[in-house]
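Here is a quick tour for anyone meeting this structure for the first time. Have a look at it, then read on.

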Amino acid sequence: MMRVNHGSRARIGAAAMLLCLLLTACAADDSADTGDTSSDAPAEEVAATDPETGDSGDAAGASSALAQAYTDDPAMIGLDPIDPPADLIEVQEVDTSEYAVDGPARVAFAIQAPEFSWPATYNDAVTARAEQAYPEAELILSPTGLGEADTQIGAIEDLLVQQPDVLIVTPLTDVRGPIEQAAAQGVPVVLCTGTAETDAYTSRVDRDNYLNGAIGAEWIAREMGYEGNVVLLSGPAGTPTAEARLQAATDVFESYPDITILAQQATNWDAAEGKTAMQAILAQGETIDAVWTDGAGQATGAIEAWTDEGLTVPPFAAEPLNGFLRLADELGFPFVAVGYPPSQSAQCLDTAMAVLAGEPVPSFVNVEVPIFTAEELADWYRPDCGDDLWLPTPLSDEELVEQGLCDA
C-alpha cells in the first residue's frame with residue numbers, strides 16, 4: 001500500500017481514491033470518459049510516462065511537439081500560428097541513470113494550498129496517481145496553507161531533511177535556493193507547473209504558459225477587430241505561471257497599435273479579488289471592449305462586477321471551469337477557454353518515477369490542454385454539475401455524483 005506522509009498527518013481523501021480509478025482507465029484507454037459529450041473535445045492526458053516501462057518519451061519528439069503547438073493549438077479556434085518567443089524552450093534528453101534506486105522510492109512533493117478547487121484537484125490527482133500506479137512508493141507531501149508563497153522555501157528545505165529520492169516542486173516564489181540545495185545533495189528535482197531561475201533541476205512538466213497567454217490574447221484581439229480598450233486581470237504577481245501568461249498577453253496587445261491596455265491588475269486567481277479589481281476599473285467610466293484573464297477564478301468575479309452594474313458582459317478569455325461556463329451559458333457573452341488541467345500533477349509524478357527508474361527523460365514535458373470558444377459551449381458545460389468542476393474531468397459521471405460535484 002502506498003504511504004502518504006502529509007507533514008505529520010497521513011491523508012488520502014475520498015476524492016483521491018475516486019480519481020485513482022479514473023487515472024487507471026485513462027492510462028489504459030484513450031477513450032476514457034472525460035465527462036464531455038463531444039467526440040471532438042480533447043480527452044485529458046494524464047500520464048507522461050508508462051508506469052510499467054518508465055518511458056516518458058524522447059527529447060526530440062518533445063521539442064518538436066512544443067514548437068508545433070504554436071501552430072496547432074491556435075488553429076483549434078481558427079487563429080493563425082503564433083510566433084514562438086526567441087527563448088522558446090530547447091528540450092534536451094536527460095540521462096538519469098545516476099538516480100536509479102532499488103527498492104521503494106521516497107518522493108517528496110511541495111504541493112499547493114487547497115484553498116480553492118484547482119489546487120485541491122491538483123493535490124488529489126497526484127495522491128491518486130501514487131496510489132494507483134506506484135503502490136510501493138512513499139509520497140511525502142508538504143504542509144500547505146494560506147501565505148505559502150512566503151513559507152515555501154522553508155517547506156522545501158524541511159522536505160529535503162527527510163532525505164527523499166526525488167523532489168517535485170510547484171514553484172510559487174523564487175525556489176532557486178532549495179532546488180540547488182537538492183542538487184548538491186544528489187536529489188533530482190522535477191518542476192511541476194512553474195519555472196525556476198536555475199538549471200539545477202532534472203525535468204519540468206508544465207504547459208507552455210506563454211503560449212496559453214498568447215492564444216487568449218490573440219483571440220481577444222480578433223474579437224475586438226484589432227482596436228479598442230482591453231483590461232488584463234492576471235494571476236498572482238511574481239508567480240512564474242502568471243507572469244509568463246501576462247507577458248504573452250502584453251506582447252500580443254502591444255503588437256496591435258490600435259489596441260490600448262486600459263488597465264492591468266494582479267488578482268491571485270481569486271473571484272473576490274477579480275470582482276474588486278473590475279469594479280474599480282468600471283468606476284473609471286472608460287469604454288472596455290474585452291477582458292483578458294489568465295484564470296477562471298478572477299474571471300467569474302469580474303463578470304459579477306459587470307452584471308451588478310447591469311452592463312453587457314464583453315468578450316472574455318479565461319479557463320474551462322464549470323462556474324465560468326455557467327455564466328457564459330446564462331449571459332451569452334463570447335469567450336475563449338484555454339485549459340490548464342490540474343491533474344497534470346500526475347504527469348509530474350510519472351516523470352519523477354521515470355527518473356528513479358534511471359530512464360532518460362525530456363528536460364521539458366509540454367502538457368496538452370483543451371482550447372475552445374462559445375461555439376463549443378454545449379460540448380463542455382455541465383449544467384448538472386457545480387461551479388468548482390474543472391473540465392475536462394478525469395472522473396466518470398458516477399464518481400462526480402459520489403463526490404457531490406454533480407447531481408444524480
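Predicted model: local features only at pLDDT ≥ 70, side-chain atom pairs only at ≥ 80, totals over all residues.

## A word on exposure

A residue is called exposed when its relative accessible area is over 50%, buried when that value is under 20%, and partly exposed in between.

## The open sheet

Let's start with a sheet of six strands. It is open, its pairing is mixed, and the order runs β9-β8-β10-β11-β12-β15. Neighbouring strands here are turned by 15° against each other on average, ignoring direction.

Zoom in on β8 (residues 228-234) and you'll see it run parallel to β9, with seven bridges between the two. Gly228 stands opposite Ile259 of β9.

## Helices on the sheet

Helix α9 (residues 296-308) lies across β8, β10 (290-293) and β11 (316-318), and it runs at about 155° to β11. Helix α10 (residues 322-331) packs on the sheet too, touching β11, β12 (335-338) and β15, with its direction at about 165° to that of β12.

## Salt bridges

How many salt bridges does the structure hold? There are 12. One of them joins the side chains of Arg207 and Asp73, at 2.6 Å from N to O. These partners come from distant parts of the chain, 134 residues apart: Arg207 is in the loop between β7 and α6 (209-223), while Asp73 belongs to helix α2 (residues 59-75). Both Arg207 and Asp73 are buried.

Asp294 and Arg245 make another bridge, with their closest N and O atoms 3.9 Å apart. Here, too, distant parts of the chain are linked: Asp294 sits in the loop between β10 and α9, and Arg245 in helix α7 (residues 240-254), 49 residues away. Asp294 counts as buried at 5% relative accessibility, and so does Arg245 at 3%.

Back to Glu330: its side chain meets that of Arg326 in a salt bridge of 3.2 Å, N to O. The two are about one helical turn apart, because four residues separate them in helix α10. Arg326 is partly exposed, at 24%. Elsewhere, salt bridges with shared partners tie Lys275, Glu304 and Asp308 into one network.

The peptide bond from Leu391 to Pro392 is cis, and Pro392 lies in the loop between α12 (377-380) and α13 (397-402).

Thr193 isn't a glycine, yet its phi is positive, near 55°. You'll find Thr193 in the loop between β6 (189-192) and β7 (203-206), buried at 4% relative accessibility.

Technical notes. Residues numbered from 1 in each chain as written. Heavy atoms only, no water. Pairing = 2+ DSSP bridges. Axes fitted to C-alpha atoms, helices over the stretch in contact; angles between N-to-C directions. Contact = heavy atoms within 4.5 Å. Buried < 20%, exposed > 50% of the residue type's maximum accessible area, 1.4 Å probe, protein only. Salt bridge = Lys/Arg side-chain N within 4 Å of Asp/Glu carboxyl O.
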